[in-house]
Amino acid sequence: MQSQTNLPDYLTDDFSMYLENMNSLDDPENPDLLSNYLTSLFEQLQQMPLLFNGMVDQLAMAISTKIRIDSKNLSTLELADEPSWAEIKPFVGVHADARACITEIMTHAEEDLKTAVLLIHFYNRYDATPLKAEEDEYAQVDDDESNDYDENY
């Protein structure tokens, strides 16, 4: 049985863009495309830590390989109402080569960083498997034996 992860309202727009970007770069014919793009984004971010200020989906992509989120414990928080960075921060680990960059972002764009971390958290828990449709009690019956239709229509 598939579990549903309900995305909080405050993340829906940014998550939609993040999901679309990640999916568009996940190419089975070119398996390194996403990895190379994420590496390139982070290199740009290291040069200018506030490069993606206001572009949370891009920030999330750039830091996605440089942070580790303890999603198991983060998911115990009530995330329906937007949490503060102080509530999220204990669940985030930063790779050594990204600490200076992430610290700069945390100092000057804490809200963007928090949202980016939450996007990554929900993306990692996202299940793209379509939910099983509920049976429609008014489903039409397709009866090919019936002559109630016009074949020339």
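Predicted model: local features only at pLDDT ≥ 70, side-chain atom pairs only at ≥ 80, totals over all residues.
The chain contains seven helices and two strands. Along the sequence, these elements follow the order α-α-α-β-α-α-β-α-α. The chain has 153 residues, and 34% of them are buried. Its accessible surface amounts to about 10700 Å². Carbon and sulfur atoms contribute 45% of that surface. Among contacts in the chain with a separation of 6 or more, 76% join residues 24 or more positions apart.

Helix α1 spans residues 12–25, and helix α3 spans residues 56–63. Their axes come within 8 Å and cross at roughly 50 degrees. Helix α1 is therefore oblique to α3. The crossing of the two helices is right-handed. On the α1 side, the contact involves D14, M17, Y18, N21, M22 and L25. On the α3 side, the residues are V56, D57, Q58, A60 and M61. By class, seven residues in the contact of α1 with α3 are nonpolar, two are polar and two are charged.

M22 belongs to helix α1. Its relative accessible area is 5%, so M22 counts as buried. Beyond its neighbours within four places in sequence, M22 is in contact with L34, L38, M61 and Y123. M61 is one of the α3 residues in the contact with α1. M22 and M61 are 39 residues apart along the chain, yet their C-alpha atoms are separated by 7.7 Å.

Helix α3 also packs against α7, at an angle of about 65 degrees. The axes of this pair are 8 Å apart. The two helices are therefore roughly perpendicular to each other, since the class covers angles of 65 to 115 degrees. Their crossing is right-handed. From α3, the contact uses V56, D57, L59, A60 and I63. From α7, the contact uses D112, L113, T115, A116, L119 and I120. The contact of α3 with α7 comprises eight nonpolar, one polar and two charged residues.

T115 sits in helix α7, which covers residues 110–125. T115 has 10% relative accessibility and so counts as buried. With neighbours within four places in sequence set aside, T115 is in contact with L11, D14, V56 and E82. Of these partners, D14 takes part in the α1 contact with α3. V56 takes part in the contact of α3 with α1 and in the contact of α3 with α7.

The cut-off for a buried residue is under 20%. Leaving out residues up to four places away in sequence, K66 touches F42, G93, V94, H95, D97 and A98.

Q47 is located in helix α2, which runs over residues 33–47. At 66% relative accessibility, Q47 is exposed. Q47 and C101 are 54 residues apart in sequence. Their C-alpha atoms are 8.5 Å apart in space.

Terms used: Residues numbered from 1 in each chain as written. Heavy atoms only, no water. Axes fitted to C-alpha atoms, helices over the stretch in contact; angles between N-to-C directions. Helix = DSSP H or I, 4+ residues; strand = E, 2+ residues; numbered from the N terminus. Parallel < 35°, antiparallel > 145°, perpendicular 65-115°, else oblique. Left-handed = near helix turned anticlockwise from the far one by under 90°. Contact = heavy atoms within 4.5 Å. Nonpolar A, V, L, I, M, F, W, Y, C, P; charged D, E, K, R; others polar. Buried < 20%, exposed > 50% of the residue type's maximum accessible area, 1.4 Å probe, protein only. Areas by Shrake-Rupley, 256 points an atom, 1.4 Å probe, with all protein chains shown as cover.
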